[in-house]
Amino acid sequence: GKSMGISKLLKTPIFWLLIILMVCSGASEATMAQWASAFTESAIGVSKTVGDLAGPCLFAMFMGISRMLYGKFSEKLDLSKVMLICGTMSVNCYLLASLSSLPILGLAGCALCGLAVGIMWPGSISISSQSCPKGGTAMFAFLALAGDLGATVGPAIVGNISNMADGNLKAGLLTATVFPVILVISLIVLISSKKKTNKQV
């Protein structure tokens, strides 16, 4: 059918909730992805070459596994609930990476974060198309912009916080935990609103 115009879209409350979801998805994914190498170097004390291989490669491997598994079993799963589980897991991974005193646990948090954030970006797009089916191309353009905004702001915040903490990258990653936390809260609100709508119908 006919999609809603931009002005109507901007006045739709659920659209802004989806934008928040997309910003946090982009930030949660890109922050760990971009800082994985430096984190591995500082946390474990390895060379830059080893850090580049261990951190980003483990993160990317687990992200690939996440997307592969969801692609295989997506028809049997509730996307909103899976996203909620992944968001909660992402919070725990960020906390493990930033608060663990054992380097190997910090690396595990970094790597497993790839598993947690793997479906966030594509999942947010799918949830948006389900929640706002008349959003049209304008909605997806705004969602792409929101995702890129999160992917830019998230890593930048970590870098600035780390610099203020005398190069302590863990302090920056701890601050970045706010993104998956907001994502989880947004998903809870979205799921609750869906339940209310279904009851009214």
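A residue is counted as partly exposed when its relative accessible area lies between the limits for buried, under 20%, and exposed, over 50%. In this predicted model, I188 falls into that intermediate class because its relative accessible area is 42%.

The interior was examined next. In soluble globular proteins, nonpolar side chains tend to be buried together. The largest nonpolar core of the model comprises 43 residues, among which L9, M32, C113, I119 and I127 touch the most other members. At least two residues of this core are supplied by each of α2 (13-44), α3 (48-73), α4 (79-99), α5 (103-117), α6 (120-131), α7 (136-164), α8 (169-176) and α9 (178-200). The largest share is that of α2, from which twelve residues of the core are drawn. For L9, one of the core members that touch the most others, the contacts beyond its neighbours within four places in sequence are with M4, F15, C132, G135, A138, M139 and F142.

With regard to charged pairs, a search of the whole structure returns one salt bridge. The salt bridge is formed by E29 and R67, whose closest N and O atoms are 3.5 Å apart. Since E29 belongs to helix α2 and R67 to helix α3, the pair ties together parts that are 38 residues apart in sequence. The two partners fall into separate accessibility classes: E29 has a relative accessible area of 17% and is therefore buried, whereas R67, at 35% relative accessibility, counts as partly exposed.

The largest pocket has a volume of about 170 Å³, and its lining consists of S66, L69, Y70, L77, V82, I85, C86, M89, L115, A116 and I119. Two or more residues of this lining are given by each of the elements α3, α4 and α5, with α4 giving the most, namely four residues. When the lining is divided by class, ten residues are nonpolar and one is polar, while no charged residue is present.

Definitions and conventions:
Residues are numbered from 1 along each chain as its sequence is written. This is a predicted model: local features need pLDDT of at least 70, side-chain atom pairs count only at pLDDT 80 or more; totals for chains, interfaces and linings use all residues. Side-chain values use heavy atoms; hydrogens and water are left out. A nonpolar core is a set of buried Ala, Val, Leu, Ile, Met, Phe, Trp, Tyr and Cys residues joined through side-chain atoms within 4.5 Å. Buried means under 20% relative accessible area, exposed over 50%, partly exposed in between (1.4 Å probe, protein chains only). Contact means heavy atoms within 4.5 Å. A salt bridge is a side-chain nitrogen of Lys or Arg within 4 Å of a carboxyl oxygen of Asp or Glu. On a 1 Å grid over the protein atoms alone, a cavity is a set of points where a 1.4 Å probe fits but cannot get out, and a pocket is an open set with protein on both sides within 12 Å along at least five of seven lines; lining residues have an atom within 4 Å of a point. Grid points are joined across faces, edges and corners, and a volume is the space filled by probe spheres set on the points. Ala, Val, Leu, Ile, Met, Phe, Trp, Tyr, Cys and Pro count as nonpolar, Asp, Glu, Lys and Arg as charged, and the others, Gly among them, as polar.
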